[in-house]
Amino acid sequence: MDYQTIPKNHRLPGEFWVFAYGSLIWNPGFKYTQRKKACLRNWARRFWQASTDHRGNPEAPGRVLTLVPHEGATCEGIAYQIHGNIEATLSYLDHRERGGYQRQVLPVEITGPPGETRDMLVYIGDSQHPLFTGPTPIGDISRILTRSHGESGSNLDYYRELATALHRENISDPHITHIARNLPA
């Protein structure tokens, strides 16, 4: 997999794109000039990142999404074009994605017209960070989602907002569907 890790103190050009695959889809929290449906090939969305702040706490970590390399997979999401106020946007994103995420630049396909591929900033959980949990049985993830709460609210609300946003964008994800089958009614 060929990607470039961008240090958090690295300056980006006056315009760049961010790929959203989780909560940034329904709650970006920053200004953008364009919003387009997009996909990242050979990566899969997974609830394999522990959250000790936003959706859990140190005593009872919740779960949030990360991306993992997965040959043949496609992760659909939203691409946001950022123009102007770059430093403020990056500062906001770095704070929001502080729980073990790294900046990476990956080639992402914009699926609507004109259908181009662009290098985009993507926050991905560092697999060497203590908050990266790795493969976890779906039943365990479902139990964590139903019991965890953090400064941004309940973990189950995070899951439900994600599922609603994916449905609204006509995005299907087998990992998210599998978890839904294991959540209490």
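Helices and strands are taken here as DSSP runs, a helix needing at least four residues and a strand at least two, and both are numbered from the N terminus. With that convention, the protein chain of this predicted model reads along its sequence as β-β-α-β-β-α-β-β-α-β-β-α-α, a pattern that comprises 5 helices and 8 strands. The radius of gyration of the protein chain is 16 Å, close to the 16 Å that the globule rule gives for 185 residues, and the chain is therefore as compact as a globular protein of that length.

Turning to the interior, 50% of the 185 residues of the protein chain count as buried. Among contacts between residues at least 6 apart in sequence, 76% join residues that are at least 24 apart. The largest nonpolar core has 52 residues, and those with the most contacts inside it are F19, Y21, F47, L67, V122 and I179. Strand β4, which covers residues 62-83, supplies the largest share of this core, namely 10 residues. For I179, when residues up to four places away in sequence are not counted, the residues touched are F47, I138, I141, S142, L145 and Y159.

Strand β4 also holds I78, and this residue counts as buried because its relative accessibility is 1%, where the cut-off for buried is under 20%. Leaving aside neighbours within four places in sequence, I78 is in contact with V18, F19, A20, I25, R35, K36, K37, A38 and E169. Between I78 and I144, which stand 66 residues apart along the chain, the C-alpha atoms are separated by 26 Å.

Two asparagines deserve a look at the backbone. N42, placed in strand β3 (residues 34-51), has a phi near 65 degrees, a positive value in a residue other than glycine. N170 has a phi near 60 degrees, again positive in a residue other than glycine, but its place is in the loop between α4 (155-168) and α5 (174-182). As for accessibility, N42 counts as partly exposed because its value is 22%, whereas N170 is exposed, with a relative accessible area of 65%.

Methods: Residues numbered from 1 in each chain as written. Predicted model: local features only at pLDDT ≥ 70, side-chain atom pairs only at ≥ 80, totals over all residues. Heavy atoms only, no water. Rg over C-alpha atoms; globule rule 2.2 N^0.38 Å. Buried < 20%, exposed > 50% of the residue type's maximum accessible area, 1.4 Å probe, protein only. Contact = heavy atoms within 4.5 Å. Core = buried A, V, L, I, M, F, W, Y, C linked by side-chain atoms within 4.5 Å.
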